[in-house]
Amino acid sequence: MAYALSRQKWRVLVLEAGPRFDPSKDFKLHSDAWEKQGFPHKAGSEGRHAFAALQELDPELNDLYSWNSVDGRLNRTPHRRPYKYNHVLGLGGSTLAFTGESHRMHPESMQMRSRYGVAADWPMTYDALEPYYCEAERLVGVAGPSDPGARWRSEPYPLPAHPLGYASRRIADGASALGIKWGPNARAALSQPYDGRPHCNYCSNCNRGCPRTDKGSVDVTFLRKAEASGHCTIRTGITVTRIEAGADDRVTGVHVVNSAGENEFIATPKLIVSCGAVETPRLLLASANQHAPNGLANESGQVGLNFMETLAWTTSALHPENLGSFRGLPSDSISWDFNAPDAIEGVVGGCRFTTGMSEAALNGPIAYAQRIVGGWGRSHRVAMREAFGRILSVGAIGESLPNRGSYIDLDPSEVDTNGIALARIHSQLDDADIKRLSFMRTTARAILEEAGCNKVVEEYGSYDFFSSTHVFGTCRMGTDPETSVVDSFGKSFRWQNLHIMDASIFPSSGGGESPSLTIEALGLRAAAHMAT
Amino acid sequence: MQWADKQARDRNASSFLSLHEAGREAIVAQAEAMGTKTMPGMFFYQTLKDARQFYYEHAASWPGVGFPHAPQPLGFPDYAEAPD
Ligand SMILES: Cc1cc2nc3c(=O)[nH]c(=O)nc-3n(C[C@H](O)[C@H](O)[C@H](O)COP(=O)(O)OP(=O)(O)OC[C@H]3O[C@@H](n4cnc5c(N)ncnc54)[C@H](O)[C@@H]3O)c2cc1C
Ligand code: SF4
């Protein structure tokens, strides 16, 4: 929105809690320590959140436990365990660490209530969003396939798809032996130089931050252009602690703590909240006042509810041939065959499958040694040599539907350094989630077997760990103020100058679609509406 | 280390470090077999984890496993071909 509004010559002030990253200096993929450090967080870029107790595990569902060849079962407790809500505080948000899959929603996934009786309908159709998808793809420089599949397109992707990697082609062969269609993924990674940025050189490490800037994170695309417009000012290290609202159904401004630790009040005629689906409801709930005793914009009681997480599964297996599988573009290929809401037999809500070596962080020697090969001494070194570059991983993400046990509230005891209650994540998997996970596991294993793999070496999934990169739903958009928080342009039904624009407004998650492109399209659409 | 030295003395050596490689490996294997609920076993598994990380975070170890270089600045432009 900062990009679209500043282009219309609106004066925009972006307040970002985290630091600014300099890709060429901060993303150290050229250093020996590249693997050890993971995403190279800087001071102030890691947020804190709390978890409510998670559900008991069913020993009958042994197949869905996470494990690896070295440590065996990874969660030995009788309960599902919180790993983390994986996100980044920084200019560009979580896209700094994202893989960069650039997906459009399946049109049917936007009508889950009217078609399938679950979640809520989106208050606009795919057709209404389509022009904004095109605009977002052009701004990011998405490289994608010519076949649109279930998502009609009014124009081709701005860049051609990346050729599949050598290792990914084995997975594609395995899938096609099962009759599963497998092809190039749409990627926010440049297949050719574009818009002043170089093309990808296939280093396989998008989740550790892209030092070349060819990955289309928000800092090097939308925000770069917003700043260049001369109408957008960006302040980093500024944490909004409270939104001030008056008696006339208008917000007046925000209380912040700046990087020097000082309190400031910043007045604004219009406020757009984009803190992500965990932090946005936290800020609204923490901004309760006499005019809004249950939290700001919470007239419907829906702020924080309908939390949807990343229902994920990855199976990794060894292939007899050295494939050099540590190379290439992460998640370069995908199958959408099971993505429609009715595509998995016996359960509502779909899923998608991708190549997953890099997202499983199985692309460096430390990971192989710690998780796959084990042992020590000479025999370890021989086994490492034999295994390295041979892992194939199939990752899957499935639909997450709202349920009563999944929501965000304010933690009653834990606060951050500014004294504001932490967001507390409640998460519950229901029977349908478990059926989807089982399907994802069985299919991932079958694909790897057909690909020629002879030994499964690791499996990791959402059954026994909460670990989310995609989160949604906690300030749902809709047409009815009784059941939703904002309208289709992200505007609060009551507060005339308060808008929300992030993944918290999604009424449903989709069958594993990655959300960033849809957030961007929604933002462009809302900004176009605001400007008129 | 006290435990390892004692095992070495039981083998008529003055200390763990004074043993030849096979002797040292036998004591390490003994610690491994004792499992994570014992002090020597716990020490073994923690040290092994640290050692693996320390060893493979140095570029000098990479040729031994077939990892050519850090991901950048070269990347892996040959990613669509069979590895060398
Ligand atoms: C490892 C990983 C891989 C991913 N892969 C993909 C992918 O391939 N494709 C895809 O589409 N998505 C992917 N995602 C998810 C994607 O990054 C997020 O869905 C998306 O960034 C969410 O956008 P958002 O605006 O809702 O929240 P965020 O990106 O989290 O942005 C919220 C911003 O608000 C700031 N903020 C929060 N609270 C405050 C406050 N109180 N005051 C001031 N600022 C505040 C934060 O610092 C942050 O910059 C991935 C995420 C991760 C972590
Ligand atoms: S694989 Fe490409 S997009 Fe990803 S970090 Fe490497 S160079 Fe950047």
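**Figure 1. R80(A) and its partner E309(A).** The side chains of R80(A) and E309(A) are joined by a polar contact of 2.8 Å. Like every view here, this one comes from a predicted model. To find R80(A), look in the loop between strand 4 (72-73) and strand 5 of chain A. Is R80(A) buried or exposed? R80(A) counts as buried, because its relative accessibility is 2%, and the cut-off for buried is under 20%. For a sense of scale, pick out T241(A): it sits 161 residues from R80(A) along the chain, and the two C-alpha atoms are 31 Å apart.

Figure 2. A nitrogen atom of ligand 1 lies 2.9 Å from a backbone N or O atom of V240(A). For S514(A) it's the side chain that takes part: one of its N or O atoms is 3.4 Å from a nitrogen atom of ligand 1. S516(A) uses its backbone, with an N or O atom 2.7 Å from an oxygen atom of ligand 1. How much of ligand 1 does the protein bury? Taken alone, ligand 1 exposes 1,000 Å², and the protein buries 91% of that.

**Figure 3. T95(A) in its loop.** T95(A) belongs to the loop between strand 5 (81-85) and helix 3 (112-116) of chain A. With a relative accessibility of 9%, T95(A) counts as buried. A polar atom of its side chain is 2.6 Å from the backbone oxygen of G92(A). Leaving aside residues up to four places away in sequence, T95(A) touches K215(A), S217(A), V218(A) and S516(A).

**Figure 4. The largest nonpolar core.** This core has 66 residues, and I243(A), L296(A), L498(A) and L522(A) have the most contacts inside it. Which helix gives the most to this core? That's helix 11 (residues 516-531) of chain A, with 7 residues. Apart from this core lies another, of 57 residues, with L64(A), A360(A), Y56(B) and A70(B) among them. In soluble globular proteins, nonpolar side chains tend to be buried together.

Figure 5. Start with L296(A), which touches I243(A), A245(A), V251(A), L284(A), S287(A), A288(A), V303(A), W495(A) and L498(A), not counting residues up to four places away in sequence. A297(A) is found in the loop between helix 7 and strand 14 (311-318) of chain A. Its phi is positive, near 65°, and A297(A) is not a glycine. A297(A) is also buried, with a relative accessible area of 1%. N306(A) lies in the loop between helix 7 and strand 14 of chain A too. Though not a glycine, N306(A) has a positive phi of about 60°; at 12% relative accessibility, N306(A) counts as buried.

Figure 6. How many of the 9 residues of helix 8 (residues 365-373) are buried? The count is 8, so the helix is mostly covered. Among the buried ones are P365(A), Y368(A), Q370(A) and R371(A). They pack against parts of both chains: strand 3 (67-68), helix 9 (377-387), strand 17 (391-398) and strand 20 (455-461) of chain A, plus helix 3 (39-56) and helix 4 (62-65) of chain B. After the helix comes G374(A), with a positive phi near 65°.

Figure 7. In strand 18 (residues 407-415) of chain A you'll find P412(A). P412(A) is exposed, because its relative accessible area is 67%, where the cut-off for exposed is over 50%. A423(A) is 11 residues from P412(A) in sequence, and their C-alpha atoms are 9.5 Å apart. Over in chain B, P73(B) sits in the segment after helix 4. A cis peptide bond joins P73(B) to Q72(B), with omega at about 10°.

Technical notes. Residues are numbered from 1 along each chain as its sequence is written. Chains are lettered from A and ligands numbered from 1 in the order in which they are written. This is a predicted model: local features need pLDDT of at least 70, side-chain atom pairs count only at pLDDT 80 or more; totals for chains, interfaces and linings use all residues. Side-chain values use heavy atoms; hydrogens and water are left out. A nonpolar core is a set of buried Ala, Val, Leu, Ile, Met, Phe, Trp, Tyr and Cys residues joined through side-chain atoms within 4.5 Å. Buried means under 20% relative accessible area, exposed over 50%, partly exposed in between (1.4 Å probe, protein chains only). Helices (H or I, at least four residues) and strands (E, at least two) are DSSP runs, numbered from the N terminus. Contact means heavy atoms within 4.5 Å. A polar contact is a pair of N or O atoms within 3.5 Å; within protein, one must be able to donate a hydrogen and the other to accept it, and residues adjacent in sequence count only if both atoms are side-chain atoms. Accessible areas come from the Shrake-Rupley method with a 1.4 Å probe; for residues, only the protein chains shown count as cover.
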